[in-house]
Amino acid sequence: MNSSARYLNASEAAGRLGVSAKALRLYEQRGLIAPIRSTAGWRAYGPNEMSRAGEIVALRALGFSLAQIARVLAGDPRGLEPALATHQTVLEDRLRQLVGMIETIGSLRDDLARGKGPTAGELARLTAPDSALTVAFDLPYPWDGERFELGRVRLLNYIIGPLGSGKTRLAQRLAETLPNAVFLGLDRLVDGGAVAYARMDADPALRSRVDRTLAWLVEDGATVSDALSALIAGLESDGPAIMVVDMIEQGLDQPTQEAMIAHLRRRSPGAPPIFMLTRSSAILDLTAVGTDEAIILCPANHSPPTYVAPYPGTPGYEAVATCLASPEVRARTEGVIAWRPPVA
């Protein structure tokens with residue numbers, strides 16, 4: 001071992017790689033990387049470990065599951081074609097977006113040549129071409145009709161708040177207001193997801209999509225269950241452009257939640273947006289929120305919902321962090337509801 005080599009602790013290594021320390025632990029648990037242990041038992045990452053971790057992070061960015069990455073690192077090419085095809089689709093979607101932006105810029109330059117300057121809104125859309133999907137509406141109870149303007153709809157949108165904050169009513173109003181949207185409620189779990197299974201029995205194409213997604217999730221550590229199958233059936237349904245999901249983590253253990261959010265992040269930039277109610281730190285890992293994700297907080301004092309940036313010290317960050325709990329804690333508190341005053 002080169003004694004002059006720089007060894008990093010887990011936090012430093014994660015920062016250098018652009019991932020969370022939790023992601024590094026997951027790679028270790030799956031046998032993909034083996035950090036060195038100091039005499040005190042702390043994990044340490046040297047040049048070899050960082051090189052290996054960098055390969056893993058790059059393969060994850062290509063959309064490979066952890067099981068596929070294990071095979072690639074072992075020199076086994078099985079299962080690469082679907083992952084590469086998915087990544088090609090993502091790149092093609094990005095290319096189409098870039099082509100559209102280039103055409104828009106060309107049109108604006110033509111207007112300038114004719115003496116017509118662009119508006120501020122037209123210039124702003126060059127950096128957020130999908131920002132046209134915005135909506136404003138009157139908030140339901142407990143906000144009593146206050147106006148709320150939904151900003152640019154991101155690929156993944158988290159709705160969070162303490163018990164009784166009104167987040168479910170906000171989600172239902174979003175599903176009613178957003179174009180071609182549907183609310184996927186907790187009734188999906190009734191009778192072991194019987195409605196979802198009936199729909200899959202009647203629609204072989206839907207069942208095929210659900211089975212394909214389940215296979216991918218299992219490779220990432222998920223456990224197949226009625227709750228997971230019902231959730232995937234709702235997400236994979238034809239029709240709605242936007243899905244609003246009530247408590248997406250309901251009935252899922254921690255590895256399954258982690259596999260699910262990783263799967264949702266791998267979707268193409270042109271995929272339909274998803275709004276998710278959650279109070280799980282496995283679904284909403286504040287250290288892993290990406291640029292095409294948004295957090296909407298419903299405050300405990302029933303002030304209007306607000307967007308929260310995922311950075312410590314920003315307005316609302318501590319309130320969001322306080323609402324989150326691990327899947328283990330969430331399971332212990334399942335079924336608890338907010339206190340309601342007696343009817344006079």
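**Entry 1**

I looked up Phe137 and found the residue buried, at 5% relative accessibility. I call a residue buried under 20% relative accessible area, exposed over 50%, and partly exposed in between, with a 1.4 Å probe and protein chains only. I note that this is a predicted model, in which local features need pLDDT of at least 70, side-chain atom pairs count only at pLDDT 80 or more, and totals for chains, interfaces and linings use all residues. Residues are numbered from 1 along each chain as its sequence is written, and side-chain values use heavy atoms, with hydrogens and water left out.

How many aromatic pairs does the structure hold? I found one. Phe137 and Phe148 have ring centres 5.7 Å apart and planes at 65°, so I logged the pair as edge-to-face. My rule: rings of Phe, Tyr and Trp (its six-membered ring) pair if their centres lie within 6.5 Å; planes under 30 degrees apart are stacked, over 60 edge-to-face, and the rest tilted. Phe137 sits in strand S3 (residues 135-138) and Phe148 in strand S4 (residues 147-150), 11 residues apart. Phe148 is buried as well, with a relative accessible area of 5%.

**Entry 2: the whole chain**

I counted 13 helices and 10 strands in the protein chain. These are DSSP runs, numbered from the N terminus: helices are H or I with at least four residues, strands are E with at least two. The C-alpha trace spans about 70 × 65 × 50 Å along its principal axes. Buried residues make up 41% of the 344 residues. Of the contacts with a separation of 6 or more, 68% come from residues 24 or more positions apart. A contact here means heavy atoms within 4.5 Å.

**Entry 3: the sheet**

In what order do the six strands of the open sheet lie? I read S6-S7-S8-S5-S9-S10, with mixed pairing. Two strands pair if DSSP finds at least two bridges between them. Strand S6 (181-184) and strand S10 (306-308) are the edges, each pairing on one side only. Neighbouring strands are turned by 25° against each other on average, direction ignored. Axes are lines fitted to C-alpha atoms, for helices over the stretch in contact, and angles run from 0 to 180 degrees between N-to-C directions.

I then went through the pairings. S6 runs parallel to strand S7 (residues 242-245), with four bridges. Leu184 stands opposite Val245 there. Helix H7 (residues 167-177) packs on the sheet and touches strand S5 (156-160), S6, S7, strand S8 (274-277) and strand S9 (293-297). Its direction makes about 150° with that of S6. Helix H11 (residues 254-265) packs on the sheet too, touching S5, S8 and S9, at about 135° to the direction of S5.

S7 and S8 are parallel, joined by three bridges. Met243 has Ile274 as its bridge partner in S8. S5 and S8 are also parallel, over four bridges, and Tyr158 stands opposite Met276 in S8. I checked the faces of S8: both are covered, with Ile274 and Met276 buried on one side and Phe275 and Leu277 buried on the other. In a regular strand the side chains alternate between the two faces of the sheet.

**Entry 4: salt bridges**

I counted 10 salt bridges, each a side-chain nitrogen of Lys or Arg within 4 Å of a carboxyl oxygen of Asp or Glu.

- Asp111 and Arg114 meet at 2.6 Å, N to O. Asp111 is buried at 16% relative accessibility, whereas Arg114 is exposed at 62%.
- Arg266 and Asp220 meet at 3.1 Å, N to O. Arg266 lies in the loop between H11 and S8, and Asp220 in the loop between helix H9 (204-219) and helix H10 (226-235), so the pair ties together parts 46 residues apart in sequence. Arg266 is buried at 14%, and Asp220 is buried at 7%.
- Arg265 and Glu293 have their closest N and O atoms 2.8 Å apart. Arg265 is in helix H11 and Glu293 in strand S9, so parts 28 residues apart in sequence are tied together. Arg265 is partly exposed at 29%; Glu293 is buried at 11%.
- Glu28, Arg37 and Arg43 are linked in a salt-bridge network.
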